[in-house]
Amino acid sequence: LLVTDFCTSGSVFEHSKKINHDEALYQGAQSIMGQMIKIYQDIQNADCYFPDSKLTNWLVDADGKLRLADTKSFLFSKNGKYHDGII
């Protein structure tokens, strides 16, 4: 069982709808994309894939930090290839 903290900003999708100024949207997107890249690198380094990486599965907390909401969809690999049954 994985418990996800309540994130007041909601998903990345919901968070982006609250920003109505172009410069703020650009700065927010830059921060979020940078965090996503780092998280994807960590996932890849752990020999995993995150195939259900839609905007509603990324949450934004009160500090603007990303959190994953659907880690049950992770797929695990062995030597870079999907391998069923790896925990």
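This is a predicted model: local features need pLDDT of at least 70, side-chain atom pairs count only at pLDDT 80 or more; totals for chains, interfaces and linings use all residues.
Residues are numbered from 1 along each chain as its sequence is written, and side-chain values use heavy atoms, with hydrogens and water left out.

View 1. Strands (E, at least two residues) and helices (H or I, at least four) are DSSP runs numbered from the N terminus. Asn57 is buried, with a relative accessible area of 8%; buried means under 20% relative accessible area, exposed over 50%, and partly exposed in between, with a 1.4 Å probe and protein chains only. A polar atom of the Asn57 side chain lies 2.7 Å from the backbone oxygen of Asp52. Not counting residues up to four places away in sequence, Asn57 touches Phe50, Asp52, Arg67, Leu68, Ala69 and Asp70, where contact means heavy atoms within 4.5 Å.

**View 2. Three salt bridges, found in a search of the whole structure.** A salt bridge is a side-chain nitrogen of Lys or Arg within 4 Å of a carboxyl oxygen of Asp or Glu. Asp42 forms one with Lys38, and their closest N and O atoms are 2.8 Å apart; because these residues are four apart in helix 2 (residues 22-45), they are separated by about one helical turn. Asp42 is partly exposed at a relative accessible area of 38%, and Lys38 is partly exposed at 46%. In another salt bridge the side chains of Asp52 and Lys54 meet at 3.6 Å, N to O, with Asp52 partly exposed at 25% relative accessibility and Lys54 partly exposed at 42%. The side chains of Arg67 and Asp61 meet at 3.5 Å, N to O; here Arg67 counts as partly exposed at 30% relative accessibility, whereas Asp61 is buried at 10%.

**View 3. The largest nonpolar core, with twelve residues.** A nonpolar core is a set of buried Ala, Val, Leu, Ile, Met, Phe, Trp, Tyr and Cys residues joined through side-chain atoms within 4.5 Å. The members of this core are Val12, Ile32, Met36, Ile39, Ile43, Cys48, Phe50, Trp58, Val60, Leu66, Leu68 and Phe74. Helix 2, strand 2 (58-60) and strand 3 (66-68) are the elements that give two or more residues to the core, and helix 2 gives the most, with four residues. Leaving aside its neighbours within four places in sequence, Leu66 is in contact with Val12, Ile32, Gln35, Met36, Ile39, Trp58, Leu59 and Val60.

**View 4. An open sheet of three strands in the order 1-4-5, with antiparallel pairing.** Strand 1 (48-49) and strand 5 (81-82) stand at the edges, each with a single partner strand, so one side of each is left without a neighbour in the sheet. Two strands pair if DSSP finds at least two bridges between them, and strand 1 pairs with strand 4 (residues 75-78) in the antiparallel sense over two bridges. Cys48 stands opposite Phe76 in strand 4.

**View 5. Ser16 in helix 1 (residues 12-17).** Ser16 counts as partly exposed, at 29% relative accessibility. Ser16 and Val60 are 44 residues apart in sequence and, C-alpha to C-alpha, 10.0 Å apart in space.

Notes. A polar contact is a pair of N or O atoms within 3.5 Å; within protein, one must be able to donate a hydrogen and the other to accept it, and residues adjacent in sequence count only if both atoms are side-chain atoms.
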